[in-house]
Amino acid sequence: MTARHPEGGEHQVSSPEDTTVQAAGCVLWRRSPATGEPELCLVHRPKYDDWSWPKGKLKRDEEPLAGALREVAEETGCRAAPGAELPTLRYLANGRPKQVRYWAAEALACTFVPTDEVDRVLWLSPAAARARLTQPHDRPLVDALLAVLHRPQSAGRPD
């Protein structure tokens, strides 16, 4: 946005969107090989010693869904099929506003390799994932994913 300076000339004025960190991620899930029930993937970030969803900052001009799938691949080694968009989280990170858009994503094939950024992944039941998540603001996404997974497949389609 450009504004006129009282003494003449123009200067850039930043809007709140300019200062908000834009990020995207997925609530990555798979069917348990043993029970067929959903298992959710959490990543451990040693820098913060926390458990969270795979996510990260968007690159310049990157579409949020593409960024979410890129982050899943980088952090978990999983190729994933995106599903419904889940609630967007907004919070302060290091004193700056951050907005993270999330999608449900089913893991198709995974080959995890630890890195400096993510050293462990866990596949957990929804209840165990909710309990293990470090940040309370991440927990409602468990219920959002379960609502999507339990939605009737024919919802919204004519009979």
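Me: Starting with Asn 94, is that residue buried or exposed?
Reply: Asn 94 is exposed, with a relative accessible area of 76%, where exposed means over 50%, buried means under 20% and partly exposed is anything in between, using a 1.4 Å probe and protein chains only. Please bear in mind that this is a predicted model, in which local features need pLDDT of at least 70, side-chain atom pairs count only at pLDDT 80 or more, and totals for chains, interfaces and linings use all residues. Residues are numbered from 1 along each chain as its sequence is written, and side-chain values use heavy atoms, with hydrogens and water left out.

Me: OK, and where does Asn 94 sit?
Reply: Asn 94 lies in the loop between strand 7 and strand 8; helices (H or I, at least four residues) and strands (E, at least two) are DSSP runs, numbered from the N terminus. Although Asn 94 is not a glycine, its phi is positive, at about 55 degrees.

Me: Which loop holds Asp 61, and what is its phi?
Reply: Asp 61 is in the loop between strand 6 (55–57) and helix 2 (64–76), and this residue, again not a glycine, has a positive phi of about 65 degrees. With 75% relative accessibility, Asp 61 counts as exposed.

Me: And Glu 62, buried or exposed?
Reply: Glu 62 is buried, at a relative accessible area of 19%, and the residue lies in the loop between strand 6 and helix 2.

Me: What does its side chain do, then; which side chain makes a polar contact with that of Glu 62?
Reply: The partner is the side chain of Arg 70, at 2.8 Å. A polar contact here is a pair of N or O atoms within 3.5 Å; within protein, one must be able to donate a hydrogen and the other to accept it, and residues adjacent in sequence count only if both atoms are side-chain atoms. Taking contact as heavy atoms within 4.5 Å, Glu 62 touches Lys 57, Gly 67 and Arg 70, when residues up to four places away in sequence are not counted.

Me: Switching to helix 2, how accessible is Glu 71?
Reply: Glu 71, which is found in helix 2, is buried, with a relative accessible area of 6%. Leaving aside neighbours within four places in sequence, Glu 71 is in contact with Ala 24, Lys 55, Gly 56, Lys 57, Thr 76 and Glu 117.

Me: Zooming out, what's the overall secondary structure of the chain?
Reply: The chain has four helices and nine strands, and from the N terminus on they run β-β-α-β-β-β-β-α-β-β-β-α-α. Of the 159 residues in the chain, 38% are buried.

Me: Which residues touch the most other members of the largest nonpolar core?
Reply: Those are Trp 53 and Leu 86, in a core of 23 residues; a nonpolar core is a set of buried Ala, Val, Leu, Ile, Met, Phe, Trp, Tyr and Cys residues joined through side-chain atoms within 4.5 Å. Two or more residues of this core come from each of strand 3 (21–31), strand 4 (38–45), strand 7 (78–93), strand 8 (96–110) and helix 4 (140–149). Helix 4 gives the largest share, seven residues. Another core lies apart from this one and has twelve residues, including Leu 28, Ala 68, Trp 103 and Trp 123.

Me: How many residues of helix 4 are buried, and which elements do they pack against?
Reply: Seven of the ten residues in helix 4 are buried, namely Leu 141, Val 142, Ala 144, Leu 145, Leu 146, Val 148 and Leu 149. The buried residues of helix 4 pack against strand 3, strand 4, strand 7, strand 8 and helix 3.

Me: How far apart are Asp 138 and Trp 53?
Reply: They are 85 residues apart in sequence, yet 7.7 Å apart in space, C-alpha to C-alpha.

Me: Last one, what sits over the ring of Trp 51?
Reply: The charged end of Arg 132 does, 5.4 Å from the ring centre; a charge sits over a ring if NZ of Lys or CZ of Arg is within 6 Å of the ring centre and within 35 degrees of the ring normal.
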